[in-house]
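Work through the exercises below with the structure in view. Each task is followed by a worked solution.

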2 protein chains.
Amino acid sequence: MQVKTNLDLNQVEITSDFWKHYRELIVKEVLPYQWQVMNDEADINIADDPQNNGQTKNSHAVANLKIAAGKMKGHHFGFPFQDTDVYKWLEAAAYSFSYHPNPDLKKITDNLVDLIAEAQDPDGYLSTEFQIDMPDRKFKRLQQSHELYTMGHYIEAGVAYYQATGNGKALEIAEKMADCIGANFGLEPGKIPGYDGHPEIELALSRLYEATHEERFLKLAHYFLQQRGQDPAFFEKQLKADGLGADRDLIPGMRDFPRNYYQAAEPIVDQKTADGHAVRVVYLCTGMAYVARLTGDQALLTACHRFWNDIVKRRMYITGNIGSTTTGEAFTYDYDLPNDTMYGETCASVGMAFFARQMLNLEAKGEYSDILEKELFNGALSGISLDGKHFFYVNPLEADPAASKGNPGKSHILTRRADWFGCACCPSNVARLIASVDQYLYAIEDDTILSHQFIANHATFDQEITVDQTNNFPWDGAIHYEIQNPNRSNFKFGIRIPNWSQNNYQLSVNGEAIKAQLVNGIVYIPVTGPTLTIDLTLDMQVTLMRSSNRVEADFGKVAVQRGPLVYAAESADNQTPLWAYRLNNQSVATTQFESQLLDGVTIVKLPAQKVAVESENAELYQPIQQAPMNWEATTLTMVPYYAWANRENGQMAVWQHYQD
Amino acid sequence: MQVKTNLDLNQVEITSDFWKHYRELIVKEVLPYQWQVMNDEADINIADDPQNNGQTKNSHAVANLKIAAGKMKGHHFGFPFQDTDVYKWLEAAAYSFSYHPNPDLKKITDNLVDLIAEAQDPDGYLSTEFQIDMPDRKFKRLQQSHELYTMGHYIEAGVAYYQATGNGKALEIAEKMADCIGANFGLEPGKIPGYDGHPEIELALSRLYEATHEERFLKLAHYFLQQRGQDPAFFEKQLKADGLGADRDLIPGMRDFPRNYYQAAEPIVDQKTADGHAVRVVYLCTGMAYVARLTGDQALLTACHRFWNDIVKRRMYITGNIGSTTTGEAFTYDYDLPNDTMYGETCASVGMAFFARQMLNLEAKGEYSDILEKELFNGALSGISLDGKHFFYVNPLEADPAASKGNPGKSHILTRRADWFGCACCPSNVARLIASVDQYLYAIEDDTILSHQFIANHATFDQEITVDQTNNFPWDGAIHYEIQNPNRSNFKFGIRIPNWSQNNYQLSVNGEAIKAQLVNGIVYIPVTGPTLTIDLTLDMQVTLMRSSNRVEADFGKVAVQRGPLVYAAESADNQTPLWAYRLNNQSVATTQFESQLLDGVTIVKLPAQKVAVESENAELYQPIQQAPMNWEATTLTMVPYYAWANRENGQMAVWQHYQD
């Protein structure tokens, strides 16, 4: 089922109003703002982080590079992976040039590439904390050092920047890094038979291989995946050999995390469940899917399927968020999906989108596109505010400012997006996803162009084929395609029918209704003539969703979905407490597009019942027969989940009580 | 409304089968077992505690005293308050002599008193960690040292032992301690203007005052209550003055706790809400109620009422458990009562019983007795297993072994009682409560004998008055009293009508039904003749209870109560998952006494509905209209909450979904 690429995609221009808006935001607000922060020039509050307490620096990330390059004096500040904020920002900027050329920005990014080159050691090494403050400790504390993670993020940025601008130096830095890593890691005598505490280098080397076709990079990626977990004590042994105590940990407390936090408790092909730090899991999976495709390694492919199924079928929130606990920002166990103590890191949803994209490159299956869509419109997008200058690290499905303030088990749940974080992995990660969303719309397999997202676009392919997709998605379900095929090439045009519309959709080709069989969630339409129009009407009915009854947290509740969007109730629209509402099986929704609200959203109104809040003088407990619940008819107003927390600081709830 | 004690109670013999059983357990199992553990002679597992990791010692508590007494060599082991385990055990043993004289045990306890006397410094000081390992640090780190808490627990034990056995040395040790503390603490020049991090000394000094009538002990107790929180920075200043860093903390991490953890953020009479460590709060409140009664301090009385109301009306679980978070074993905020991440420490329920008893000595109000009963039959009693050798520290209202193992936010919730703990405050605390339960049955006010608990007993009073209460409570609601009054004294006999029966009870005096007005939940029956019989029939109907709709965690759910007992569903009786059941407003319960089950309990069976667990291959999320919940009729079987976790290791739930 390996996807081949005989029918090349040349360019995709996003024409979707929804996504154009976000992508312009990246150019106009997000990139300038983040550059300012990383240069410590912003007047902002850093969300609570012990490392940053009492510091006046915003980030110091660019300064760290300048110090490493010998252009500034001082010490490293921040996490060992502080450099990656800059690299992910550079990657996002590179993507932005594809839809918004910007000579001023390009001067900055070219200079930044020069700075990175100067910061790089002659052997290719680059991790500023170690270069500046502990050169003797390079590669000696991989459990916590994030050195390969850090360089991996540069490699991704370098490849993207080279591909976007042709800047050869950007690619050279990446190749030198990869060769430095190749010279230091492996099973050959004298090399470190290990791997990084945080997966990333595997997917980065795969991208470098795809850009350069240098086999050694793919082999190195494959090595890291095969070696991981072979010696479960590797990290502990390294720490012991390095001889430093817990008081000198790079990241305090990390040595006490279990081995599966790092997916290093056993070889990854033997791991039965998606355990540990959620971002690490999905970055690892993305690397596995890349290398499985590029090498044909069936054991890795099997592991990809196992991880995918465990995450998607048993450990994912309806919004696509993953990570059920703040302790280790981690997965917990199957069907454990608490909504108010969860983690749901933005980076984990971004990583899940990466994983889905790579699975789709392996196999044309609608289920991968369904999850990709879920992340793009919900779990990942929730990480950024409508103004582009505020970010969530944690994305809960239920939030209450009183709880976040008053219950320490919920203190990690912010109810307003923050200006920035001490550990600032998420802001630039969601930025690079949005800036590259054009790369997520098509997959090509042999003689098939698979259009699996309903993000309006104009795409050009080899053989002068063009595809125009027009729609007002996600607000409207009418999807129109115009295919130009002037050379009358023979190919198939595949369209994913989303899982939320498979029971109710209409499809017509050249104006004529057709019934086509779904193959793995996809309809295939043969194209032979010079033009073809396709009209697809998706089911945009508001739907009450329930979870498997194995999920305790959602039992007796429903979530509201319309198209790909999961909806949330907010106290900005509804009287608190939000838990005092219930929907029922008679609830027929009305919808309305509100152009002035939250940059334009379709709101959902549902007939509901609620109880009035009892007096503080009422008994805390009383017989329900003497004091029945006084349900009153009301309306529950809901907005798309991604847009929550852009108004007043209040309660939010995705899951609603339900009476059947 | 101060209660006077002109009508003295002489002796109470518990005749209740239920409580006799527990009290014999204390003598036969609990006291021998705990003595063995504290002497490091038991083959047991210590529940996970960082301080005890890898240690072979059970407790070392007696050894610490021997080392301090110079009878053994070695270092102190355990928490700074390790001594208190011994003292609370001694106190429990003292109480046991009142119903089970035991010469063998008395030899041990007399010797123990001798050992404690030898361990005590000439000036009265006794805290073995400081005596053995850091004599220079005495009273210098009160935030964490627990020195006054430790001596307070001895004072309680010494008073009890003296009262039970007449052992004068036991009382002398206590008086020397109190005088040592009085010599070191106060606002006079040269004294420490401070107080202990953990309240306890206030209530202990009050007890010592009541035993000795020495005003200086009461004044010292009053001083501690008035001084607490006057200088909110007192603890930090002391730590700073002592000059030791965080790495030398007596209890790691404790310096970072907020000031209200210790109820030291402001003067206690100014504190608006019951914040911080729950055990500290209720011990402080107990001390306040004692001193308010003994001194007439109205500000303290007002504070008692404010704390009582905040706890009972807004921060207490239906089982009487308190402490909504494991972080700091603390209260959180009003109506925040999560059932599966809570703390509900056994010691906090024991302390709440102390507080209720003292409030009852201040004011004859049924609400105090209601809560006392709630603790005795539910929240506190849950802390000990039916075999007397296993204990809960944390008492959840919902538990699942999979969650405790798989979700770090629930790892503090044990689903089996432990052999012992590194911090072993709870086992001996519940033991001393059960062994002294005879002291909780009556309050005397002027010319009134108030019988406020339905624990069968035979009591003798001054003027040759005797009261026999007979019943089969808590299984049966028929309560019979025989009062003998040979001297024809004129007095009133007050009986609390519990809040759970106030809408439905029958009362007859000498066989004649009467209607009596409730005054603060109490009926008062005049006694003039030589004999009087009273028959009270309480409402033992199974009742579905709901919480205030301000409590999110219980919204849409009910708890099952019968008499004073809150019931729990366990997987030993019901198919899992327990969350897949729901009760409804038609559910009519049947009850049955099962003599062979859980040492004899009345079980409750309720018609219910449940859904069959879905396949692991089912969709994690699907439209509820396409996949409605398939409710099936079933029966939910429930057992008293106190008896849970005495069978298989499984799920437990107090709150059940409810359909109205």
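**Exercise 1.** How many salt bridges are counted between chain A and chain B? Examine the pair A:Glu616 and B:Arg550 as one case.

Solution. In this predicted model, the count between the two chains is six salt bridges. For the pair in the task, take the closest N and O atoms: they are 3.6 Å apart. The criterion asks for a side-chain nitrogen of Lys or Arg within 4 Å of a carboxyl oxygen of Asp or Glu, so A:Glu616 and B:Arg550 form a salt bridge.

**Exercise 2.** Describe the extent of the interface between chain A and chain B, and then the make-up of the side that belongs to chain A.

Solution. Step one is the contact: 64 residues of chain A meet 65 residues of chain B. Step two is the area: about 5700 Å² is buried between the chains, with 51% of it on carbon and sulfur atoms. Step three is polar contact, where the count is 32 residue pairs, both residues at pLDDT 80 or more. Step four assigns the chain A side to elements; those giving two or more residues are helix H13 (298–314), helix H16 (401–406), strand S15 (542–547), strand S21 (621–623) and strand S24 (655–659) of chain A. S15(A) supplies the largest share, five residues. Sorted by class, the chain A side has 31 nonpolar, 19 polar and 14 charged residues.

**Exercise 3.** In which sense do S21(A) and strand S15 of chain B pair, parallel or antiparallel? Which residue in S15(B) is the bridge partner of A:Pro623?

Solution. S21(A) pairs with S15(B), residues 542–547, in the antiparallel sense over three bridges. Within this pairing, A:Pro623 has B:Met545 as its bridge partner.

**Exercise 4.** Locate the domains of chain A, then characterise the contact between domain 2 and domain 3.

Solution. Start with the division of chain A: domain 1 covers 16–46 + 62–440, domain 2 covers 442–538 and domain 3 covers 542–659. The contact between domains 2 and 3 of chain A takes four residues from domain 2 and 12 residues from domain 3. The centres of these two domains, over C-alpha atoms, are separated by 36 Å. Their buried area is about 590 Å², and carbon and sulfur atoms give 69% of it. On the domain 2 side, A:Pro474, A:Trp475 and A:Trp500 lose the most area to domain 3, together 95% of what that side buries. By class, the domain 2 side has four nonpolar, no polar and no charged residues.

Notes
Residues numbered from 1 in each chain as written. Chains lettered and ligands numbered in written order. Predicted model: local features only at pLDDT ≥ 70, side-chain atom pairs only at ≥ 80, totals over all residues. Heavy atoms only, no water. Domains from an automatic or database assignment. Contact = heavy atoms within 4.5 Å. Buried area = accessible area lost by both parts, 1.4 Å probe. Nonpolar A, V, L, I, M, F, W, Y, C, P; charged D, E, K, R; others polar. Polar contact = N/O pair within 3.5 Å; in protein donor to acceptor, adjacent residues only side chain to side chain. Helix = DSSP H or I, 4+ residues; strand = E, 2+ residues; numbered from the N terminus. Pairing = 2+ DSSP bridges.
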